[in-house]
Amino acid sequence: QKSTNEKFFIAIMPFADYGALNNSDVPEITIMMAIELLLQIGGALCYMHDKNIIHHDIKPQNILLFNYGFVLCDFSVSVVLENEDQLLRDRTGTSVFMAPEISQNSYKPKPTDMWSLGITVFCLLFGKYPYNLGSFDQNPSIPPYIRITNNVMNYDLEFPENHIIPNQLKEIITMLLNKNPDERMTAQELIKNDWLKSQIKEW
């Protein structure tokens, strides 16, 4: 029996036919699925960022797969910014998907969502993490976000040679995983990308 100070929330949503995505050591999606994921999740982020809402924990397990495509879920650590220019200082999220700038005292939050999307697509496409993040320093005395940043800054972005994907898709992933948040691809730039749109139209 609840007291007068307690509040209960009931969330109702469609049933995800195929559950959530998962990262593993083998590819989980095709090139066309990656294109569709980028446009659909990019569209969700474009809408959210326009409303100054940050998801803060984009990863495969927070993307549901339906017959009609991909849906972003789990907004439990999302942040509503007070204004367009607000900086964040918290380090919420899943460490291996965190952007390197999160280790700074403050950071622009919207580019961190785009970084997480880039890491997500990379690991789903190739079955491994970029920047050697799959085996980053496990020293427990150093916070994980510091270890993640060190890894990213010490390695270059490399694509597995045994996977053939279009150069245009490599370029998009590279722009999402730009170490400089000011130069990183935005959600609006992503969904307006001519190559992505042409591929979906052709498909």
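How much space lies in the largest pocket? About 280 Å³. Before looking around it, a word on the model: this is a predicted structure, in which local features need pLDDT of at least 70 and side-chain atom pairs count only at pLDDT 80 or more, while totals for chains, interfaces and linings use all residues. Residues are numbered from 1 along each chain as its sequence is written, and side-chain values use heavy atoms, with hydrogens and water left out.

**Pockets and the cavity**

Both kinds of space come from a 1 Å grid over the protein atoms alone: a cavity is a set of points where a 1.4 Å probe fits but cannot get out, a pocket is an open set with protein on both sides within 12 Å along at least five of seven lines, and lining residues have an atom within 4 Å of a point. Grid points are joined across faces, edges and corners, and the volume is the space filled by probe spheres set on the points. For the lining classes, Ala, Val, Leu, Ile, Met, Phe, Trp, Tyr, Cys and Pro count as nonpolar, Asp, Glu, Lys and Arg as charged, and the others, Gly among them, as polar.

| Space | Volume | Lining by class |
|---|---|---|
| Largest pocket | about 280 Å³ | 6 nonpolar, 3 polar, 6 charged |
| Second largest pocket | about 180 Å³ | 8 nonpolar, 3 polar, 3 charged |
| Largest cavity | about 70 Å³ | 4 nonpolar, 6 polar, 2 charged |

The largest pocket has 15 lining residues, and His49, Glu84, Lys110, Thr186 and Ala187 sit nearest its centre. Helices α1, α2 and α5 each supply at least two residues of that lining; helices (H or I, at least four residues) and strands (E, at least two) are DSSP runs, numbered from the N terminus.

Take Lys110 from that group. Lys110 belongs to helix α2 and counts as buried, at 15% relative accessibility. Here buried means under 20% relative accessible area, exposed over 50%, and partly exposed in between (1.4 Å probe, protein chains only). Leaving aside residues up to four places away in sequence, Lys110 touches His49, Asn52, Ile54, Leu81 and Glu84, where a contact means heavy atoms within 4.5 Å.

In the second largest pocket, 14 residues form the lining, and those closest to the centre are Lys128, Tyr129, Pro130, Tyr131 and Asn132. Among the residues lining the largest cavity are His56, Asp57, Thr92, Phe97 and Ser116.

**Nonpolar cores**

A nonpolar core is a set of buried Ala, Val, Leu, Ile, Met, Phe, Trp, Tyr and Cys residues joined through side-chain atoms within 4.5 Å. The largest one has 45 residues, and Leu37, Leu38, Leu45 and Leu117 touch the most other members. Elements giving two or more residues to this core include α1 (31–50), β2 (63–66), β3 (69–72) and α2 (110–126). Helix α2 gives the most, with 10 residues. Leu117 touches Leu37, Leu38, Ile41, Gly42, Leu45, Ile58 and Leu190, again not counting residues up to four places away in sequence.

**Cysteines**

A disulfide is a pair of cysteine sulfur atoms within 2.5 Å, and by this rule there are 0 disulfides. Cys73 is buried, with a relative accessible area of 15%, and Cys123 counts as buried at 1%.
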